[in-house]
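Please open the model in your viewer and colour it by chain, so that the selections below can be followed one after another.

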Amino acid sequence: MADTPDIALLTPYARSLGISLDRWDGEAPVLRVDFSEAVLGRPGALHGGAISGLLETAGYGVLRAALARSGREAGFVPINITVQFMRAGNEKRSFARARIVKLGRRTANLSVEAWQDDPLKPIASAVMNVMIRDAD
Amino acid sequence: MSDTQTAFDLAAAAPFLASRAHNGWLGLRFSDHGEDWVEMELPWRDDLLGEEGRDVLASGPIVSLLDMAGGLSIWARMGKFRAIATLDLRVDYTRPARERASVFGRVQCYRTTRSAAFVRGIAHDGDPDDPVAHMQAVFMTVDKRTVDLPRETSGETARG
């Protein structure tokens, strides 16, 4: 935990949806969202948009942590996100963790997975490209 | 589970479907529709920001908006209500939305097969000719006896 950067991982949207930091797994924050009406899709299953929001927040989180470690101050502009839905999300707590596949000067490529009981059985995954705008 | 073949009155059903759960939390509103497309509105709200101190909606709610409009466009094209689940969804963010602007999601279902539905659309903040995002997605129809499949986009019990 010594290497845990003191950074804001959550956007106002993420906090509003109920996303929070569960723990650090190496250099990646593991984010979670508890079940609530706000993340419900059809009765009994999570909404894909809410799962996408959790995935995206985990992506920005790992990127912000990496930039903080290297002393870079930067803003993010989303380029795109592609989400795959593998399983229905049940009415329980969900987690997400991202991996930086490539971190460049101007862009980053991130791979993210979300799960509930078993990280090896993801409910959804995403690939994200993010534009990095260094502060002047 | 209700009858999956029920004739579907989109303009009547959309406000109900948008009023509950995640869509209700976002405050999604029915805007317009055609034979194979639907437009929904994500009204501006200051607790959905993507960045502290900058009055622009986060990208997450825009994914939800486009997912919802995509699901509805499938029912519009089919003219009936079937349980569906998003399989794959891609969003390209072509420019930031204007500050304090509502965002509209307009999605067309351009092809359905026995078990898949293909949609594409845009998000805009007032001018459909100047989109803030483009989306493409594939949905699957869900056999009601099958439980371990991707989530359905919305309730199949359209009561109330």
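Begin by selecting strand 3 of chain A and strand 3 (residues 84–93) of chain B, which run antiparallel and are joined by five bridges; strands here are DSSP runs of E of at least two residues, helices are runs of H or I of at least four, both numbered from the N terminus, and two strands pair if DSSP finds at least two bridges between them. Within this pairing, centre on A:Ile81, which stands opposite B:Val91 in strand 3 of chain B.

This is a predicted model, in which local features need pLDDT of at least 70 and side-chain atom pairs count only at pLDDT 80 or more, while totals for chains, interfaces and linings use all residues. Residues are numbered from 1 along each chain as its sequence is written, chains are lettered from A and ligands numbered from 1 in the order in which they are written, and side-chain values use heavy atoms, with hydrogens and water left out.

Next, select the whole contact (heavy atoms within 4.5 Å), to which chain A brings 33 residues and chain B 37 residues. Together the two chains bury about 2,800 Å², 52% of it on carbon and sulfur atoms, where buried area is the accessible area (1.4 Å probe) lost on putting the two parts together, summed over both.

Finally, on the side of chain A that touches chain B, highlight helix 1 (12–17), helix 2 (48–69) and strand 3 (74–85), the elements that give two or more residues to it; strand 3 of chain A gives the most, with eight residues.
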